[in-house]
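Reader: I am new to this one, and I would like to go through it slowly. Could you show it to me before we start?

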Amino acid sequence: MPSLPHPSAAPNAGQQPAPGRRPEPGPARRALLRGSLAATAALTLPAPLAAAPAFALAGRPEARWGVQAGEVTAHTALVWARSDRPARMLVETSPTETFRHGRRLWYGPLLGPGTDFTGTTALHGLPAGTQVHYRVLLADPDDPRRASRPVHGTFRTAPAGRRSGVRFLWSGDLAGQGWGINPDRGGHTVFDEMRGLDPDFFLFSGDTVYADGPIQATATQQDGTLWRNVTTEEKSKVAETLAEFRGNFRYNLLDEPYRRFQAQVPTVVQWDDHEVRNNWYPGQLLDDPRYTVKDVDVLAARARRAFGEYVPLAPGRTRGRPGGRIHRVVPHGPLLDLFVLDMRTYRNANSPDRQDSDPVGILGAEQLAWLKRELSRSRAVWKVIAADMPLGIVVPDGAADFEAVAQGDPGAPLGRELQIAELLRHIKHQRITGTVWLTADVHYTSAQYYAPERAAFSDFAPFWEFVSGPIGAGAFPASRLDGTFGPEFAFLSAPATPNLSPAEQPPNYGEVEIDGDSGELTVRLRREGGRVLFTKVLQPGRVGQ
């Protein structure tokens, strides 16, 4: 396995935020962005750890896979780490990087083989709108004199009021189609660029790993040149065992820019198909010679467990109890509620999708009822709906079946479109303001406006859907739009040739900025290299947009 840096290594310098964004980070934040944080600072330990002599550090646990924060709200956050052996996870927080003032110590879980030595510690009672610095320490449960060196991270809690504004990034699709971590390019350098923008959080819109996509030592680009990959045993074949699914998540953590990004930018993560297998649905039986396990439900259960172990989600979301769910609302102050959907777990089978009755659809009846209820309850200025698949883009699954919502028939809603029509009707008649849809999945970037006056189904308020990605996978040509809900491309950027590498087609990501004074929401579709491809400003207080 490729070697990892020592956990005391500080992050590299990030790019400075673009002019006109927000004030430059304060000295503490700037120091962490520069990588000047001294990781050897003494960590306040509970007795008897505080009295442990220096020589007792030999053979101590290590946290070489970095740290992550997730699900950050005004007063709560989750912190993730992985040990190399059984260990007790401890998290210390402070408002300053020196940890000289306002320290709090949090006792986390015991990390062991049952969770692949991963664990998440819940922090609560945090001050709103504050830069929080944290460091993770792993203590030997049998000998408290042995403890790891601290691993550092930081995040901003959501504001309690409007004036601070909100800014976040989103994208999807990492290490797919054979394009893995390329050491010749310094890894996935787009994460360094995004880190330099200093967002409040990153929405990872699915396909966080490609469990069905082996990574070979080299891949051939369109011009015949070779792309070189970091490789591991678990990524040498499609994932079937729990160990192989876990190995897919560990693979991404071998990337230094990705680890630096996660130490400084909290995440909100959803899954899509490639966490399990391309275009999967519940109950599917595979006819694929690469797999000895043919029951997709078995694969999905293993993938979901690994996902829950390697993503900072609240316990019970994906593991620890039957029925734990991925769909949720993540509040981020009075300006934003983020509605994270799960368009995989509850869907019906992929099909020609032209039935005139479909109570299951792509969300399932229970998730649809939840989404309608929570949208109606939300008092946030903006309700951003994070969908792991687009609404009006036709995504085929083979010659006759369809993978997403649209099936190419521009007439009245059929199949999965019936469920989306019900949701859009609900938003209009309940006068729910400020809804915006974000997604990834299709491996290009676009903005489409859905207008009832050009739609076959017109009982809805107009709205925008923005697509970004891939963040580090193959780029593909655009798919056509289905006219049922009246979408039209306002912007589209996609290659003419399929499966271009990140060197041939630089990664795409999106930026959402909500102004605290005006309440305006600005979407920027970006490409690595600092390019802004498209900008759209939306006004608050409107049903639809």
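Predicted model: local features only at pLDDT ≥ 70, side-chain atom pairs only at ≥ 80, totals over all residues.

Reader: Let's start with strand β15, then: is it buried or exposed?

Author: Five of the five residues of β15, which covers residues 382–386, are buried, so the strand is largely enclosed by the rest of the structure.

Reader: And which way do the side chains there point?

Author: W382, V384 and A386 point one way from β15, while K383 and I385 point the other way, and all of them are buried. In a regular strand, side chains alternate between the two faces of the sheet.

Reader: Which strands run parallel to β15, and how many bridges join them?

Author: Strand β14 (residues 336–340) runs parallel to β15 and is joined to it by five bridges, with L338 having V384 as its bridge partner. Strand β18 (residues 435–439) also pairs with β15 in the parallel sense, over four bridges, and there the partner of I385 is W437.

Reader: What do β14, helix α6 and β15 make together?

Author: With helix α6 (residues 365–377), the strands β14 and β15 make a right-handed β-α-β unit.

Reader: Changing topic, how many aromatic pairs are there?

Author: A search of the whole structure finds 21 aromatic pairs. In one of them, the rings of F202 and F261 have their centres 5.4 Å apart and their planes at 85°, so that pair is edge-to-face.

Reader: Where do those two residues lie?

Author: F202 lies in strand β9 and F261 in helix α4, so the pair ties together parts that are 59 residues apart in sequence.

Conventions:
Residues numbered from 1 in each chain as written. Heavy atoms only, no water. Buried < 20%, exposed > 50% of the residue type's maximum accessible area, 1.4 Å probe, protein only. Pairing = 2+ DSSP bridges. Right-handed = clockwise from strand over helix to strand, strands pointing away. Phe/Tyr/Trp six-rings, centres within 6.5 Å; stacked < 30°, edge-to-face > 60°.
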